[in-house]
Amino acid sequence: GVPVLRRLRVACFSTGDEILSLGEAPREGAVYDSNRYTVFGLLARLGCEVVDLGLVRDDPAALAATLQRAAREADAIITTGGVSAGAADHTRDVMQKLGDMAFWRVAMRPGRPLAVGLIPREASSQPAVLFGLPGNPVAVMVTFLAFVRPALLRMMGCHEAAAAPSPLLRARTTGPIRKKPGRTEYQRGFVKTVPGALPEVCVAANQGSGVLSSMLEANGLVVLRHDQGSVGPGEEVDVMMFDGNI
């Protein structure tokens, strides 16, 4: 016989009083929940079984109850929002009380407020792995591709090479790219082939992490290293191509 693993079960929910479900009437200061559906799509491409736990308001007791339910029902948990330093960002505090949080801040852009930890499960000695992703939609996609996807692939039984982040493509920039040393940046870009030469990449003009349309127009992420500064036109850079991952 061939040894197999069952499909990985991943629970997802969004947090925040300002989040609206699809079909709800718009109101001032509120935004529709794009993140949960984005995460569903990314997980579906991986072949995971998704447990949808909906929207959870900014209330520590509700967050704790949902995280405990998620740990009972799934192998991994993905939340969006609630991990930055705002007054109503309770997810990180609740995570610390319920389990073991490895870290909650990463020197990257977008996606700095990324939390990763373990939530114990009563019925199993193996805790559920928790990924607390930021609230901005582009930061959700970038942190998923850079951190969550490789971790889930390892949990699904993939060997180390298959679970590594997407291979990087070398490309030449069509214009300058601004960047500060001291963090890794993932800038949305569009790569096109050039006959007989390196591919060319043009980065999106607006790199704001709330600009979801820029992900639709891009076909990869320009990866600018931690110590790297601004890049001049015509310089070589690494690009993480989407290649069907999103």
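How many of the residues of helix 4 are buried? The count is 15 of 19, so helix 4 is mostly covered, where buried means under 20% relative accessible area, exposed over 50%, and partly exposed in between (1.4 Å probe, protein chains only). Helices (H or I, at least four residues) and strands (E, at least two) are DSSP runs, numbered from the N terminus. The model is predicted: local features need pLDDT of at least 70, side-chain atom pairs count only at pLDDT 80 or more, and totals for chains, interfaces and linings use all residues. Residues are numbered from 1 along each chain as its sequence is written, and side-chain values use heavy atoms, with hydrogens and water left out.

Helix 4 bends by about 50 degrees at F144; the bend at a residue is the angle between axes fitted to the seven residues ending there and the seven starting there. After helix 4 comes G157, with a positive phi near 100 degrees.

The largest nonpolar core has 35 residues, and V10, L43, I78, F131 and L152 have the most contacts inside it. Two or more residues each come from strand 1 (9-15), helix 1 (35-46), strand 5 (76-80), strand 9 (124-133), helix 4 (137-155) and strand 13 (220-224). Helix 4 gives the largest share, 10 residues. A nonpolar core is a set of buried Ala, Val, Leu, Ile, Met, Phe, Trp, Tyr and Cys residues joined through side-chain atoms within 4.5 Å. Leaving aside residues up to four places away in sequence, F131 touches A76, I77, I78, T79, A115, V116, V148, A151 and L152, contact being heavy atoms within 4.5 Å.

A second, separate core of 20 residues includes F13, V51, A64 and A70. Among the buried residues of helix 2 are A62, A64, L67 and A70. Helix 2 (residues 60-73) reaches 20 Å from its first C-alpha to its last, close to the 20 Å expected; the expected span is 1.5 Å times one less than the number of residues.

The structure holds 1 aromatic pair. The ring centres of Y37 and F40 are 5.7 Å apart and the planes lie at 80 degrees, so the pair is edge-to-face. Rings of Phe, Tyr and Trp (its six-membered ring) pair if their centres lie within 6.5 Å; planes under 30 degrees apart count as stacked, over 60 as edge-to-face and the rest as tilted. Y37 is partly exposed at 35% relative accessibility, whereas F40 is buried at 18%.
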